[in-house]
Amino acid sequence: MPTQSDEMRQTKIYEQVVERIRDLIDSGQIRPGDRLPSERNLAEIFKVSRSSLREAIRALQESGVLESRRGDGTYVSLPPGSDLLAPFAEVMTQQRIRLWQLFQFRQAIEPQIARLAAAERTEGHLEALRHMLDLQEKEINGGEKTGFADLHFHQLIAMATGNPLFVDVVTRAESKLAETRNEPLQTEERQITSLQSHKTIIECIERRDPDAAEEAMRAHLQIVSDIIFSEGK
């Protein structure tokens, strides 16, 4: 019986096969109207199991890239001049919706976390936050776009509440937002804005001002959200 790790590995392999088939179409090695090699040959070419190959072909059929003709094989179904990325537009839209939902969640909970952090923080928490701020500034000055300091800054604020449940919630939410920290979205504007906002949040937490800390976090998240979603327009 397949284990969970086996299923995860197979899922990863089939996604790789999808990309490789798309690359063949993008490069013109396989053209619209062409029939794909047999299942056995493709499995040998990609060096994958036939079950993984079938999953990849099924996914491409569902997205309209491939067409299965009974008794005649599988064909590239996109007509000449079609946009190869069009079948994936709906998937990208759904990802954007989920991203927006995550930001709504953050905007609902993280200002309250910052408020509580301002009331419960210790000198140790402040020291850790200042250190992370210094690291973020070094990342920016060094031209790095990892987003490491940005991620851990929000985790440290959750830790300052003294409630491990907040840490878990923020960590889970932040991990799902990793795609917003990739290089194309790490513009200089976003990095500098984030740094300035973080400085303001720390100042509010340092002087134990819950109202100001809550508002500073809310403003920070709104600015970052505006930057990210305006870039997608």
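Arg-208 is partly exposed, with a relative accessible area of 43%; partly exposed lies between buried, under 20%, and exposed, over 50%, for a 1.4 Å probe and protein chains only. The model is predicted, so local features need pLDDT of at least 70 and side-chain atom pairs count only at pLDDT 80 or more, while totals for chains, interfaces and linings use all residues. Residues are numbered from 1 along each chain as its sequence is written, and side-chain values use heavy atoms, with hydrogens and water left out.

Arg-208 sits in the loop between helix 8 and helix 9 (210-231). Helices here are DSSP runs of H or I with at least four residues, strands are E runs of at least two, and both are numbered from the N terminus. The phi of Arg-208 is positive, about 55 degrees, although Arg-208 is not a glycine. Most residues other than glycine have a negative phi. Lys-47 belongs to the loop between helix 2 (39-46) and helix 3 (50-62). Lys-47 is exposed, at 74% relative accessible area.

Now follow the chain into helix 9, where His-220 lies. His-220 is buried, with a relative accessible area of 2%. Residues up to four places away in sequence aside, His-220 touches His-154, Ser-194, Ser-197, His-198 and Ile-201. Contact means heavy atoms within 4.5 Å.

Helix 6 (residues 148-160) packs against helix 8. Their axes come within 11 Å and cross at roughly 20 degrees. Axes are lines fitted to C-alpha atoms, for helices over the stretch in contact, and angles run from 0 to 180 degrees between N-to-C directions. That angle makes helix 6 roughly parallel to helix 8. Angles under 35 degrees count as roughly parallel, over 145 as roughly antiparallel, 65 to 115 as roughly perpendicular, and the rest as oblique. The crossing is left-handed: the near helix is turned anticlockwise from the far one by less than a right angle. Helix 6 contributes Asp-150, Phe-153, His-154 and Ile-157, and helix 8 contributes Arg-190, Ser-194, His-198, Ile-201, Ile-202 and Ile-205. These residues divide into five nonpolar, three polar and two charged. Ala, Val, Leu, Ile, Met, Phe, Trp, Tyr, Cys and Pro count as nonpolar, Asp, Glu, Lys and Arg as charged, and the others, Gly among them, as polar.

Helix 8 (residues 188-206) also meets helix 5 (residues 123-141), with axes that come within 10 Å and cross at roughly 165 degrees. Helix 5 and helix 8 are therefore roughly antiparallel. Helix 5 passes helix 8 in a left-handed crossing. The contact residues of this pair divide into eight nonpolar, four polar and four charged. Among them are Leu-126, Leu-129 and Leu-133 in helix 5, and Ile-192, Leu-195 and His-198 in helix 8.

Turn next to the strands. Strand 1 (residues 66-69) and strand 2 (residues 73-76) run antiparallel, joined by four bridges; strands pair if DSSP finds at least two bridges between them. Arg-69 stands opposite Gly-73 in strand 2. Three residues lie between the strands of this hairpin, where Gly-71 takes a positive phi near 75 degrees.

Finish in helix 1 (residues 4-26), which holds Ile-21. Ile-21 is buried, with 2% relative accessible area. Beyond its neighbours within four places in sequence, Ile-21 is in contact with Phe-46 and Leu-60. Ile-21 and Val-65 are 44 residues apart in sequence and 9.9 Å apart in space, C-alpha to C-alpha.
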